[in-house]
Amino acid sequence: MITVRVLDRDNRPVDAIAVKIVSTYHHQNTATATTNQEGIAEFELRPNEYRVFIDGKLFQTTYFGCVGNTLLYE
């Protein structure tokens, strides 16, 4: 499982925003989740390099491990 936490520039959790992650390897794995009140979205995917879309816009490409991945969303 991959856990992603989305924070705004003031380090506050971003609630109810769509987060989509797409594997950079032939789009092998794709998943979408909505952040909860703590800004956390959970995905049933393996650690890998993913393209991250927040609210439908490409945010970054990064490697996600299992737990504790934090994205700072502006």
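Ile40 counts as partly exposed, at 25% relative accessibility; in these terms buried means under 20% relative accessible area, exposed over 50%, and partly exposed in between (1.4 Å probe, protein chains only). The model is predicted, and local features need pLDDT of at least 70, side-chain atom pairs count only at pLDDT 80 or more, and totals for chains, interfaces and linings use all residues. Residues are numbered from 1 along each chain as its sequence is written, and side-chain values use heavy atoms, with hydrogens and water left out.

Ile40 is found in strand S4. Helices (H or I, at least four residues) and strands (E, at least two) are DSSP runs, numbered from the N terminus. With neighbours within four places in sequence left aside, Ile40 is in contact (heavy atoms within 4.5 Å) with Thr3, Val4, Arg5, Thr34 and Thr35. Gln60 lies 20 residues from Ile40 in sequence, and the two C-alpha atoms are 17 Å apart in space.

The largest nonpolar core comprises 17 residues, and those with the most contacts inside it are Ile2, Ile21, Phe43 and Phe64. Two or more residues of this core come from each of strands S1 (2-7), S2 (18-23), S3 (30-34), S4 (40-43) and S5. A nonpolar core is here a set of buried Ala, Val, Leu, Ile, Met, Phe, Trp, Tyr and Cys residues joined through side-chain atoms within 4.5 Å. In soluble globular proteins, nonpolar side chains tend to be buried together.

Strands S5 (residues 48-54) and S6 (residues 57-64) run antiparallel and are joined by seven bridges; two strands pair if DSSP finds at least two bridges between them. Leu58 in S6 stands opposite Phe53. The hairpin of S5 and S6 has two residues between the strands, and Asp55 takes a positive phi near 55 degrees there.

Two salt bridges are present in the structure, a salt bridge being a side-chain nitrogen of Lys or Arg within 4 Å of a carboxyl oxygen of Asp or Glu. One is formed by the side chains of Arg12 and Asp8 (3.1 Å, N to O). Arg12 is partly exposed at 48% relative accessibility, whereas Asp8 is buried at 17%. The side chains of Asp10 and Arg12 also meet in a salt bridge (3.1 Å, N to O). Through shared partners, the salt bridges join Asp8, Asp10 and Arg12 into one network.
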